[in-house]
Amino acid sequence: MSGCTGCLISFADTYEKLLDILGAVDLVYAITLADAVTKVTETEDKLVIERVYPDEVDIALVEGSICLDDPHAVELIKEVREKSKVVVSLGACAATGGVTRFGRGGQNPQPTHVSFVPVAEVVKVDFAIPGCPPSTDAIVKFLMAALEGDTDYLEMYAEFVKYQDASGENLIKQVISQGLCMGCGTCAAACQMRAVAMYDGKPDVRMEMCINCGSCVLQCPRIRMPKSKGLLEV
């Protein structure tokens, strides 16, 4: 989809762990790792070569956001959903829209009228892995948990699908402002843009640097707690 393929490169950078994954599955469609089945159509003046998405896919990792102005992208993601048992949004662009939709990490907004949305706004998504890109370790652990049927581990990724606007602002509104932050620093450690820093034991979020990748939201151990301390049982 619409992305830099950094997430797929992160997946490929698993090195020897990639061999374990490939030994446990059949990789049937991957632009960076395998040749895709193609369909060739001949017209009067040219040859049209199209990649063909296979039928009956168990797990589809989708990288990149969906460009609503690109009919081919919209139709392809609908085909992926139709032919796949499980659809996973891989990386910030697919999960939240990332830099294609929100902030650009301190850069000036680019003048454009093209619309980009996360995958879940077009089709049903089962899991979402945030990050720009997600770490190789996160990708490997997710895939191994999926293959082993570890639903407890996968639960947080299933829940993250609803956080399509996940950013440091979620930390401010849902955790810090509610007095739920315990100063563990997990959000700052997870932020790849260094948009979260710890001061006096509490996170300071620099929204001008945030690219809405969602890593801090996924890793925060308090984000799933009640929005108000008053709802907590004594």
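Here are some friendly questions and answers about the pockets, cavities and strands of a predicted model.

This is a predicted model in which local features need pLDDT of at least 70 and side-chain atom pairs count only at pLDDT 80 or more, while totals for chains, interfaces and linings use all residues. Residues are numbered from 1 along each chain as its sequence is written, and side-chain values use heavy atoms, with hydrogens and water left out.

Q: What is the mean pLDDT of the protein?
A: pLDDT is the predictor's confidence in each residue, from 0 to 100. Of the residues here, 86% reach 70 or more, and the mean is 82.

Q: What volume does the largest pocket have?
A: On a 1 Å grid over the protein atoms alone, a pocket is an open set of points with protein on both sides within 12 Å along at least five of seven lines, whereas a cavity is a set where a 1.4 Å probe fits but cannot get out; lining residues have an atom within 4 Å of a point. Grid points are joined across faces, edges and corners, and a volume is the space filled by probe spheres set on the points. For the largest pocket, that volume is about 1,300 Å³.

Q: Which element gives the largest share of the lining of the largest pocket?
A: The pocket is lined by 42 residues, with Tyr-29, Ala-30, Tyr-53, Ala-60 and Leu-61 nearest its centre. Elements giving two or more residues include α1 (6–12), α3 (71–83) and β3 (57–63); helices (H or I, at least four residues) and strands (E, at least two) are DSSP runs, numbered from the N terminus. The largest share, seven residues, comes from β3.

Q: How many residues of the lining of the largest pocket are charged?
A: Ala, Val, Leu, Ile, Met, Phe, Trp, Tyr, Cys and Pro count as nonpolar, Asp, Glu, Lys and Arg as charged, and the others, Gly among them, as polar. The lining has 26 nonpolar and five polar residues, and the charged ones number eleven.

Q: Which residues lie nearest the centre of the second largest pocket?
A: This pocket holds about 310 Å³ of space. Its lining divides into eleven nonpolar, six polar and two charged residues. Nearest the centre are Ser-135, Ala-138, Ser-215, Leu-218 and Gln-219.

Q: Which residues are closest to the centre of the largest cavity?
A: The structure holds two cavities of 30 Å³ or more, and about 110 Å³ of space lies in the largest. Of the 15 residues that line it, the closest to its centre are Val-175, Cys-181, Cys-184, Cys-187 and Cys-220.

Q: How many charged residues are in the lining of the second largest cavity?
A: The second largest cavity has a volume of about 90 Å³. Among its 14 lining residues, Cys-191 and Ala-195 are two of those closest to the centre. The lining has nine nonpolar residues, five polar and, of charged ones, none.

Q: Which residue in β5 is the bridge partner of Val-62?
A: Strand β5 (residues 84–90) has five of its seven residues buried, that is, under 20% relative accessible area with a 1.4 Å probe and protein chains only. Two strands pair if DSSP finds at least two bridges between them, and six bridges join β3 to β5, which run parallel. The partner of Val-62 is Ser-89.

Definitions and conventions:
Buried < 20%, exposed > 50% of the residue type's maximum accessible area, 1.4 Å probe, protein only.
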